Amino acid sequence: KTMIYNRFTKNTRDKSTVIVTRRLGSVKLAARILVMKDGEAVQTGTHEELIARDGEYKRLCEAQGQTRQEIKYAIL
């Protein structure tokens with residue numbers, strides 16, 4: 001996985017990139033995270049900013065690995 005993340009980071013440097021994922025591991029690499037729930041944007045910020053808040057992103061990070069989530073994430 002590390003090799004894939006490193007290659008992705010290198011190939012997308014200085015470019016706007018959007019990733020839609022359920023896995024939060026790759027989301028942490030993003031400069032900006034947009035959290036969506038039921039088709040609505042509910043939070044935006046960096047990983048550190050969102051973890052510091054009591055919100056959907058923090059709840060999902062805590063739940064990751066326990067169950068599959070129905071919420072998609074977009075990296076901007």
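Reader: Which residues is L50 in contact with, leaving aside its neighbours within four places in sequence?

Author: This is a predicted model, and in it L50 is in contact with I33, V35, Q43, T44, G45, Y57 and K58.

Reader: Okay, and which residues make up the largest nonpolar core?

Author: There are eight of them: L24, V27, A30, I33, V35, L50, Y57 and L60. Helix α2 (24–27), strand β2 (33–37) and helix α4 each supply at least two residues of that core. As general background, nonpolar side chains tend to be buried together in soluble globular proteins.

Reader: Let's stay with α4. Which of its residues are buried?

Author: Helix α4 covers residues 56–63, and E56, Y57, L60 and A63 are buried there. Looking down the axis of α4, those buried residues fall within an arc of 130°, so they line one face of the helix. Two of the names come up again in the core, Y57 and L60.

Reader: E56 is a charged one. How buried is that, in terms of relative accessible area?

Author: E56 has a relative accessible area of 13%. The cut-off for buried is under 20%, so E56 counts as buried.

Reader: What does E56 form a salt bridge with?

Author: One partner is K37, with the closest N and O atoms 3.7 Å apart. E56 lies in helix α4 and K37 in strand β2, so this pair ties together parts that are 19 residues apart in sequence. E56 also forms a salt bridge with R59, and there the closest N and O atoms are 2.6 Å apart. E56 and R59 both lie in α4, three residues apart, which is about one turn of the helix.

Reader: How many salt bridges does the structure hold?

Author: Three. K58 is partly exposed at 24% relative accessibility, whereas D54 is exposed, with a relative accessible area of 74%. K58 is also one of the residues in contact with L50.

Reader: Switching to backbone. Where does D14 sit, and what is its phi?

Author: D14 is in the loop between α1 (2–12) and β1 (19–21). Its phi is positive, about 65°, although D14 is not a glycine. In general, most residues other than glycine have a negative phi. D14 counts as exposed, at 79% relative accessibility.

Reader: What about the phi of D38?

Author: D38 has a positive phi too, about 55°, and is not a glycine either. D38 lies in the loop between β2 and β3 and is exposed, at 74% relative accessibility.

Reader: Zooming out, what's the secondary structure of the protein chain?

Author: It comes to four helices and four strands. From the N terminus on, the elements run α-β-α-β-β-α-α-β.

Reader: How much of the chain is buried, and what about the accessible surface?

Author: Of the 76 residues in the protein chain, 29% are buried. The accessible surface comes to about 5600 Å², and 51% of that belongs to carbon and sulfur atoms.

Reader: Among contacts between residues at least 6 apart in sequence, how many join residues at least 24 apart?

Author: That share is 46% in this chain.

Reader: Now the confidence. What is the mean pLDDT of the chain, and where is it lowest or highest?

Author: The mean pLDDT of the protein chain is 79, and 83% of its residues reach 70 or more. Confidence is highest in strand β3 (residues 40–45), at a mean of 95. It is lowest in strand β4 (residues 73–75), at a mean of 46.

Reader: Over which residues does pLDDT stay under 50?

Author: That is residues 66–76. The model has 41 contacts beyond four places in sequence for that stretch. As a general rule, where pLDDT is low, the predicted coordinates should not be read in detail.

Methods: Residues numbered from 1 in each chain as written. Predicted model: local features only at pLDDT ≥ 70, side-chain atom pairs only at ≥ 80, totals over all residues. Heavy atoms only, no water. Buried < 20%, exposed > 50% of the residue type's maximum accessible area, 1.4 Å probe, protein only. Arc of directions from axis to C-beta. pLDDT = per-residue confidence, 0-100. Contact = heavy atoms within 4.5 Å. Core = buried A, V, L, I, M, F, W, Y, C linked by side-chain atoms within 4.5 Å. Areas by Shrake-Rupley, 256 points an atom, 1.4 Å probe, with all protein chains shown as cover. Salt bridge = Lys/Arg side-chain N within 4 Å of Asp/Glu carboxyl O.
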